[in-house]
Amino acid sequence: MTDLSEAVAVQDTAKIGPPLWLLAELTYRCPLHCVYCYNPVDFAKTEDELTTEQWFKVLREARELGSVQCGFSGGEPMLRDDLEVIVAEAHRLGYYTNLLTSGVGLNEKRIGALKEAGLDHIQLSFQDSTREMNDFLSSTRTFDLKRRAADMIKAHGYPMVMNCTIHRHNIDHIEAILQLASDIDAEYVELANTQYYGWAQVNRDQLLPSREQLERAERITNEWREKHGNKMKLFFVVPDYYEKRPKKCMNGWGNIFLTITPDGKALPCHTARMLPGLEFPDVRTSSIREIWYESEGFNRYRGTGWMKEPCSSCPEKENDYGGCRCQAYMIANDPAAADPVCDKSPFHNRITEVVDRAQIAGNAAQVKPLIYRGPKESLQLDRPF
Amino acid sequence: MAITTATVPKVGRNFRIQWEPAQDAYVLLYPEGMVKLNQSAGEILKRCDGAANIAAIIADLETTFNAQGLEADVIAFVELAEQQKWVDLT
Ligand code: SF4
Ligand code: SF4
């Protein structure tokens with residue numbers, strides 16, 4: 001059972017580094033309906049987005065503590081009419097500013113204004129390589145829009161950074177995805193396998209690729225690298241379900257990452273609000289300094305003092321800090337457990353069962369219809385993941 | 001390309017170098033990433049402005065830090081920086 005009563009280790013402010021990375025999730029609204037969306041499944045319940053001035057306050061206070069990389073995401077951040085002024089303020093404060101967008105809503109006027117505001121970089125996401133698959137997987141007609149967005153991004157002198165989330169339904173198109181990346185002159189290409197949070201957890205059996213699919217995709221990516229050299233930097237990220245050790249999630253809880261949700265909650269990672277028994281502070285009522293150094297939400301899983309077995313006596317605990325707290329909660333029902341991706345976890349079989357199922361094409365769980373992210377589905381499901 | 005004292009390095013188009021008091025260091029910022037630079041890397045990179053050639057950068061460093069014989073170190077660092085695409089060379 002979940003035991004949330006353990007005392008929080010007293011932290012020495014002097015030893016905690018600054019929140020170098022600030023992720024500003026400007027809105028949960030999005031015109032797309034991705035089946036692997038990382039937003040909370042019950043996002044539609046949140047109201048009251050932060051105002052422009054409240055975002056200014058967040059940016060100023062985080063910058064004072066030492067934040068320097070700033071990402072604007074969502075949902076679709078282009079849906080905020082004040083995106084340009086928020087970016088301008090971030091730029092004025094000295095941030096390196098990154099926009100993570102589906103490209104929908106980007107037009108000549110807005111990209112010009114963003115450039116003017118000092119935006120440093122745009123990451124454009126695609127769902128697949130063809131109009132048919134892109135539009136099927138996002139349940140929209142957006143492929144042509146994205147191609148146009150790519151042209152505009154280039155025309156304004158931005159490096160082309162393309163992201164495509166990989167899963168069972170598009171992994172076999174990896175060649176075509178690489179070709180698309182090359183056609184739009186991408187300099188960085190992130191082929192990141194779906195991570196199973198939010199909507200991806202709802203659709204997990206339908207999305208997890210088989211081992212054979214993964215190996216093929218990795219091989220093709222490597223061959224592409226050999227053939228085309230360093231011109232396009234390719235990052236291929238395998239799903240952690242296929243690993244025996246967990247990822248060093250967020251580089252450690254409350255270590256360098258700070259996420260602010262559209263409604264003003266401060267989180268150590270963008271999925272942490274699902275964790276039970278933890279109050280995460282609100283930026284309207286707490287300063288970023290209090291949030292980062294003093295709040296229980298940020299101190300609870302910092303470092304290694306909170307760990308239980310098998311992590312607490314594990315020689316590898318500094319390598320991965322026990323993995324992801326959300327995954328531990330979703331799968332082992334205890335946010336302080338070892339991430340079940342680790343084969344030392346007593347719940348590791350709950351991961352391998354899913355992996356084993358993924359090897360049998362067309363099994364009952366896999367052929368269930370995909371659930372698309374949307375406000376109606378969100379209210380119906382009414383749960384965090 | 002081979003690097004000589006006549007080479008002119010410039011911090012790459014997608015990179016920005018700036019001093020960060022919170023880290024007490026120069027950092028190099030780029031799309032979704034950052035490197036914290038040690039003192040000598042920071043001092044060299046901030047001089048890679050696309051105007052000064054390597055000879056001028058070395059001279060400036062040797063005066064500023066009252067040092068001699070920095071040429072090999074500076075060239076080695078610029079080579080590394082070029083591989084990382086931190087600088088473009090002309
Ligand atoms: S993953 Fe898709 S649906 Fe979710 S916010 Fe991004 S673009 Fe929108
Ligand atoms: S037991 Fe815990 S600390 Fe050790 S490798 Fe597994 S998750 Fe990491």
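Modeller: Two strands are said to pair if DSSP finds at least two bridges between them. The model is a predicted one.

Biologist: Which residue is the bridge partner of Y188(A) in strand 7 of chain A?

Modeller: Strand 6 of chain A covers residues 188-193 and pairs with strand 7 of chain A in the parallel sense. Five bridges link these two strands. In strand 7 of chain A, the partner of Y188(A) is K233(A).

Biologist: In what order do the nine strands of chain A form the open sheet?

Modeller: The sheet is open, and its pairing is mixed. Strand 7 (233-237) and strand 9 (266-267) of chain A each have a single partner strand, so they stand at the edges, with one side of each left without a neighbour in the sheet. The order is 7-6-5-4-3-2-1-8-9.

Biologist: Which residue takes a positive phi in the hairpin of strand 8 and strand 9 of chain A?

Modeller: Strand 8 and strand 9 of chain A pair in the antiparallel sense over two bridges. One bridge partner pair is T259(A) with L267(A) in strand 9 of chain A. The hairpin has five residues between the strands, and the one with a positive phi, near 95°, is G264(A).

Biologist: What is the volume of the largest cavity?

Modeller: The structure holds two cavities of 30 Å³ or more. Among the 15 residues that line the largest cavity, those closest to its centre include C249(A), W253(A) and R325(A). By class, its lining has nine nonpolar, three polar and three charged residues. The volume of the largest cavity is about 130 Å³.

Biologist: In which cavity does ligand 2 sit?

Modeller: Ligand 2 is surrounded by residues including C311(A), C314(A), D320(A), G322(A) and C342(A). Of the 13 residues that line the second largest cavity, C311(A), C314(A), D320(A), G322(A) and C342(A) lie nearest its centre. About 100 Å³ of space lies in that cavity. Ligand 2 sits in the second largest cavity.

Definitions and conventions:
Residues are numbered from 1 along each chain as its sequence is written. Chains are lettered from A and ligands numbered from 1 in the order in which they are written. This is a predicted model: local features need pLDDT of at least 70, side-chain atom pairs count only at pLDDT 80 or more; totals for chains, interfaces and linings use all residues. Side-chain values use heavy atoms; hydrogens and water are left out. Helices (H or I, at least four residues) and strands (E, at least two) are DSSP runs, numbered from the N terminus. A residue is near a molecule or strand if one of its heavy atoms lies within 4 Å of it. On a 1 Å grid over the protein atoms alone, a cavity is a set of points where a 1.4 Å probe fits but cannot get out, and a pocket is an open set with protein on both sides within 12 Å along at least five of seven lines; lining residues have an atom within 4 Å of a point. A molecule sits in a cavity or pocket if more than half of its atoms lie within 2 Å of its grid points. Grid points are joined across faces, edges and corners, and a volume is the space filled by probe spheres set on the points. Ala, Val, Leu, Ile, Met, Phe, Trp, Tyr, Cys and Pro count as nonpolar, Asp, Glu, Lys and Arg as charged, and the others, Gly among them, as polar.
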